[in-house]
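Hi everyone, thanks for coming.

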Amino acid sequence: MSYKFTIALLPGDGIGPEVIQEAVKVLRVLENNLGLDLTLNEVPVGGAAYEAEGHPLPENTLKTAQSADAVLLGAVGGPKWEKIDFSLRPERALLGLRSSLKLYANLRPARIFPALVDASSLKRELVENLDILVVRELTGGIYFGEPRGVETLPDGSRKGFNTLVYAEDEIKRIARIAFDVARKRNKKVMSVDKANVLEVTGLWREVVTELHVEYPDVALDHMYVDNCAMQLVRAPKQFDVIVTTNMFGDILSDEASMLTGSIGMLPSASVGGDTGMYEPIHGSAPDIAGKGLANPLATILSVGMMFKYSFDREEVDTKIESAVESVLDQGFRTRDIMQEGMTEVSTTEMGDRVIAELEK
Ligand code: NAD
């Protein structure tokens, strides 16, 4: 098994650099403790890259990402760049990275840490031990389908349209990812569609069902998206892996992640091509940037996902999750997850606490 990995570090904007700095500390400790050989190549992305090089995704950044074994991204965007041309906005870098790295699957775990159960908006008994993984198709569906646009009709009124389209192979490859990850979890896949109304998601249901023949050890069920949205807040623990289209996944993964209480705790992985990309689900949080208030745990947990999904070292992910769990159990909290009686710590102190656990 290889122990040599090259990671492209894309800190980005706002709190991005602050949380990436803590993740780098964790990577260096893992490198020492586990005898890894890590090459970390830091390059600008988003607003920072626009300032430095006039483009949110400069050629060198893309090349560095493409040639790495995995990419770790902080966050991009901020009020400073809201007025510039759409094609040069920091957020465009994300689309560029996803399409050029062929990241067609977005994995978003919604896992609740025991110490944070009361931060959820749902009752304790509904979310205790919650552990869901939403697998969202990321490069197809209605967000990319053609034709699209807004037209003016002969009578002067306007008509807007988008196209929801999925080819069989696009459905098959995302379903395969869902079945494969379910095999490493509780072996249950819920495929979410709107097959009662949309023909294309009828095809989705058929293709997922056909592929299921190859995974007899995994249970497959189907659910309409409106019911799934309801079930996620009624009885979320019924789910293990949810697989769905780009737009449904966009909405359901936000809903599922919020069951855990804090945006600063949630990692994500985008996979499919040769190089996976890992990032916290939160944005650049300009309101708290530079104040030492950012929660670095989502980014640190994203490092765990990188080891699990890109480097096939699941035990490192488990180690990181346990370290985070212990720090939370000891009562340390950044402000976003602060509770009465706990000890508030800064971004760097939180990173140090995780490291101290990893060193044990
Ligand atoms: P946001 O996620 O940046 O912030 C939402 C709220 O959550 C803010 O109050 C923020 O302070 C808080 N928050 C977020 N992450 C936190 C953390 N780690 N620790 C503590 N608190 C945290 O979303 P927004 O305010 O809607 O967007 C801000 C900018 O980020 C925008 O420019 C947006 O386009 C961009 N954005 C980028 C990404 C990305 O890079 N993947 C994702 C979403 C938004």
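When I say contact, I mean heavy atoms within 4.5 Å. Please keep in mind that this is a predicted model, where local features need pLDDT of at least 70, side-chain atom pairs count only at pLDDT 80 or more, and totals for chains, interfaces and linings use all residues. Residues are numbered from 1 along each chain as its sequence is written, and side-chain values use heavy atoms, with hydrogens and water left out.

Let's begin with Met350, which sits in helix α12, residues 347-359 (helices are DSSP runs of H or I, at least four residues, numbered from the N terminus). Setting aside neighbours within four places in sequence, Met350 has contacts with Pro296, Leu297, Val327, Phe332, Arg333, Thr334 and Val345. Is Met350 buried or exposed? Met350 counts as buried because its relative accessibility is 0%; buried means under 20% relative accessible area, with a 1.4 Å probe and protein chains only. From Met350 to Ala294, the C-alpha atoms are 9.6 Å apart, across 56 residues of sequence.

Now, over to the ligand. There are 20 residues around it, and Val76, Glu91, Gly283, Ala285 and Asn295 come nearest; being around it means having a heavy atom within 4 Å.

What about polar contacts, meaning pairs of N or O atoms within 3.5 Å? A polar backbone atom of Asn295 is 2.8 Å from a ligand nitrogen, while a polar side-chain atom of Glu279 lies 3.4 Å from a nitrogen atom of the ligand. For Gly78, a polar backbone atom is 3.1 Å from a ligand oxygen.

Terms used:
A polar contact is a pair of N or O atoms within 3.5 Å; within protein, one must be able to donate a hydrogen and the other to accept it, and residues adjacent in sequence count only if both atoms are side-chain atoms. Helices (H or I, at least four residues) and strands (E, at least two) are DSSP runs, numbered from the N terminus. Buried means under 20% relative accessible area, exposed over 50%, partly exposed in between (1.4 Å probe, protein chains only).
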